Amino acid sequence: MTTTSPRTLGTARGPAHPTDTASVRLQPMGLGESRITGGFWAQRQRANGAAAIPLGRRRLDEAGNLENLRIAADVADGEVVGPIFADSDVYKWLEAAAWEYARNPSDGLLAVQREVTAVVAGAQADDGYLNSVVQVRHRDRGRYADLPWSHEHYCAGHLIQAAVAQVRCTGDTALLDVAVKLADHLADTFGEDRRHDVDGHPVIETALVELYRETGEVRHLELARYFVEARGHGLIAAHGQEPTYFSDRVPIREATTVEGHAVRAVYLAAGAADVAAELGDGELLGALRRQFDDMIATKSYVTGGLGSRWDRESFGDPYELPTDRAYAETCAAIGGVQWAWRMLLATGDSLYADAIERMLFNGFLGGISLAGTEFFYVNPLQLRGGAHADENRSPAHGRRGWFDCACCPPNVMRTLASLDGYVATRDARGVQLHQYAPGTVTSGDIELVVETEYPWDGLVRVRVVAAPGRFALSLRVPGWAGGATVTAGGTTQEVRPGYARLEQDWTPGDVVELRLPMDVRTTVAHPRVDAVRGCVAVERGPLVYAAEQADHTAPVDDLHIDPAAPAASEHRPDLLGGVTVVTTRGRTDADGELDLTLVPYYAWANRGAGPMRVWIPAI
């Protein structure tokens with residue numbers, strides 16, 4: 001195994017780091033340059049590092065994922081178990097462990113990473129191929145015999161992402177050596193002048209681009225471009241499969257929306273955004289803009305959840321957004337964040353940072369228990385009284401510690417561990433803050449400290465600790481924050497949604513205060529969303545709220561809300577780990593007028609998986 005001393009984390013690159021020649025407006029901060037040090041997200045990161053990641057390591061042993069790799073390496077006997085993509089859970093966990101090591105270095109965590117990496121390396125074939133289930137269970141059928149369903153490229157993509165994270169965070173190159181050998185094998189096997197085919201589940205595209213960014217090997221970027229461009233030309237149909245599910249019905253440059261399996265679709269779009277950035281492909285980026293805009297307008301939930309159909313975990317038709325049958329897979333929210341982040345880097349447009357905020361606080365975080373160790377695979381916006389838990393992923397079970405298809409838990413772990421990388425960016429003129437959490441931001445000679453109790457309070461205070469003189473400080477003003485103000489140098493001015501950009505000569509000790517209005521607001525869906533016509537959703541700041549049975553004696557299924565009634569908010573440190581609740585007036589036909597108490601959607605089902613609803617019929 002090849003190892004080096006751990007890197008200086010202030011200069012190591014994060015999860016998605018375009019090259020200096022990429023066509024992007026913004027560059028992400030390096031690890032250590034943007035640090036979450038306290039508050040809301042730090043609490044979730046601590047639970048993730050202290051409880052979830054160790055749990056994940058145990059689950060991978062208990063579920064047989066690691067044993068599969070040992071069997072493939074001929075160091076253990078038996079039959080492999082689990083789905084054909086079982087290796088990918090190991091790789092996502094390795095990526096989570098790497099980002100967590102960057103956040104909180106630990107000799108023990110580093111040792112476990114090296115142990116698991118050795119297991120992975122031992123299973124690799126001499127020519128670079130690696131997929132334990134295919135190598136053992138399907139050795140007679142052979143490699144790449146059923147690409148729509150085999151997930152061979154998908155597993156390779158997650159391995160490559162883990163390898164890039166590991167070398168950036170620890171300096172160890174052992175997994176990177178495996179990844180390069182595997183990527184070289186893929187480049188020797190697939191392409192326009194080789195085997196003309198694509199995997200049924202994208203993720204290899206983002207991975208190959210990031211590998212190129214780490215190593216400079218152009219053939220890996222070219223293979224990523226090929227996989228993006230090859231879709232939509234009948235390759236999946238040639239295997240006898242219906243192409244919509246696989247995002248293979250329409251070439252990506254011609255598509256106007258997202259369709260099919262939600263996770264597949266957003267992973268593909270994220271990879272295409274990476275390719276567009278590295279190749280300076282404005283046409284491809286423009287197509288992705290159109291698709292993202294349409295997704296947000298017609299195919300995403302108020303929570304930022306993506307995927308409205310249990311049938312094939314897919315996007316539905318425009319405005320097909322049922323509440324109780326919403327799928328809104330946790331992995332889809334994660335993929336949505338990844339796509340939005342790449343679009344933000346490419347364009348600098350605040351709408352992508354707004355989408356990240358909505359997805360993170362609601363669609364993503366709803367999939368994790370407050371303890372960080374239980375998960376939802378599916379994130380509906382309503383659970384009816386008497387709901388029957390009819391399968392493993394049903395929310396009526398409550399959150400679970402693992403799943404038969406365990407893609408979501410390690411995906412959550414890697415996202416939380418790498419969250420510092422999604423807070424801030426830089427450009428030639430200065431620094432941009434996109435997500436708000438207590439922490440530090442360092443860019444060259446610029447050093448900033450951020451103080452806030454967001455999302456409970458709308459005050460964000462930025463202190464200048466060090467400054468080279470003149471630079472531009474840009475603070476995102478969310479789209480919901482009409483009436484926001486910014487105060488600098490004793491002058492207060494109202495700022496519109498977008499970015500409050502302050503370019504001036506700065507000196508240590510200067511303070512900027514952004515005040516975001518945290519009034520309770522009601523939201524009405526587009527009239528074409530039949531499922532919630534006549535209903536409203538309640539929001540405060542970045543959070544979507546829900547009525548949960550634990551706070552009401554009347555059945556939640558019978559509640560009506562009065563949108564004209566005054567609403568109050570109160571922070572309750574004793575409730576659900578500390579939340580701000582919203583109280584307002586409503587009624588039921590049986591009980592007449594009554595008080596409604598609403599809690600943040602992300603916190604539901606931490607007191608048992610009882611009835612809940614986000615959209616409440618209006619009086």
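## Basis of the description

Two strands are taken to pair if DSSP finds at least two bridges between them. Helices (H or I, at least four residues) and strands (E, at least two) are DSSP runs, numbered from the N terminus. This is a predicted model, in which local features need pLDDT of at least 70 and side-chain atom pairs count only at pLDDT 80 or more, while totals for chains, interfaces and linings use all residues. Residues are numbered from 1 along each chain as its sequence is written, and side-chain values use heavy atoms, with hydrogens and water left out.

## The five-strand sheet

An open sheet of five strands runs in the order E1-E4-E5-E9-E12, and its pairing is mixed. Strand E1 (27-28) and strand E12 (498-505) are the edges; each has a single partner strand, so one side of each lacks a neighbour in the sheet.

Within this sheet, strand E5 (residues 430-433) and strand E9 (residues 470-477) are paired in the parallel sense over four bridges. Leucine 433 stands opposite leucine 475 in E9. Helix H14 packs on the sheet and touches E9 and E12, contact meaning heavy atoms within 4.5 Å. The direction of H14 makes about 50° with that of E9; axes are lines fitted to C-alpha atoms, for helices over the stretch in contact, and angles run from 0 to 180 degrees between N-to-C directions.

## The seven-strand sheet

A further open sheet consists of seven strands in the order E2-E6-E7-E8-E13-E10-E11, with antiparallel pairing. Its edge strands, strand E2 (34-36) and strand E11 (491-494), each pair on one side only. On average, neighbouring strands of this sheet are turned by 15° against each other, direction ignored.

E2 pairs with strand E6 (residues 439-443) in the antiparallel sense over three bridges. In E6, valine 441 is the bridge partner of serine 34.

## Helices H13 and H14

Helix H13 (residues 330-347) and helix H14 (residues 350-364) have axes that come within 8 Å and cross at roughly 165°. That makes H13 roughly antiparallel to H14, a term used for angles over 145 degrees. The crossing of H13 and H14 is left-handed, meaning that the near helix is turned anticlockwise from the far one by less than a right angle.

On the H13 side, the contact residues include Ile334, Val337, Trp341 and Leu344; those of H14 include Tyr352, Ile356, Met359 and Phe364. By class, the contact of H13 with H14 has 13 nonpolar, four polar and no charged residues. Ala, Val, Leu, Ile, Met, Phe, Trp, Tyr, Cys and Pro count as nonpolar, Asp, Glu, Lys and Arg as charged, and the others, Gly among them, as polar.

Helix H2 (residues 65-72) is mostly covered, with six of its eight residues buried, that is, under 20% relative accessible area (1.4 Å probe, protein chains only). These buried residues are Asn65, Leu66, Asn68, Leu69, Ile71 and Ala72. Their cover includes helix H1 (39-62), helix H3 (86-103), helix H4 (107-123) and helix H5 (132-136). Aspartate 74, which follows H2, has a positive phi near 65°.

H2 and H4 pack at an angle of about 40°, and their axes are 7 Å apart. The crossing of H2 and H4 is left-handed. Leu66, Leu69, Arg70 and Ala72 of H2 make the contact with Val116, Val119, Val120 and Ala123 of H4. By class, the contact of H2 with H4 has seven nonpolar, no polar and one charged residues.

Technical notes: Angles under 35 degrees count as roughly parallel, over 145 as roughly antiparallel, 65 to 115 as roughly perpendicular and the rest as oblique. Buried means under 20% relative accessible area, exposed over 50%, partly exposed in between (1.4 Å probe, protein chains only).
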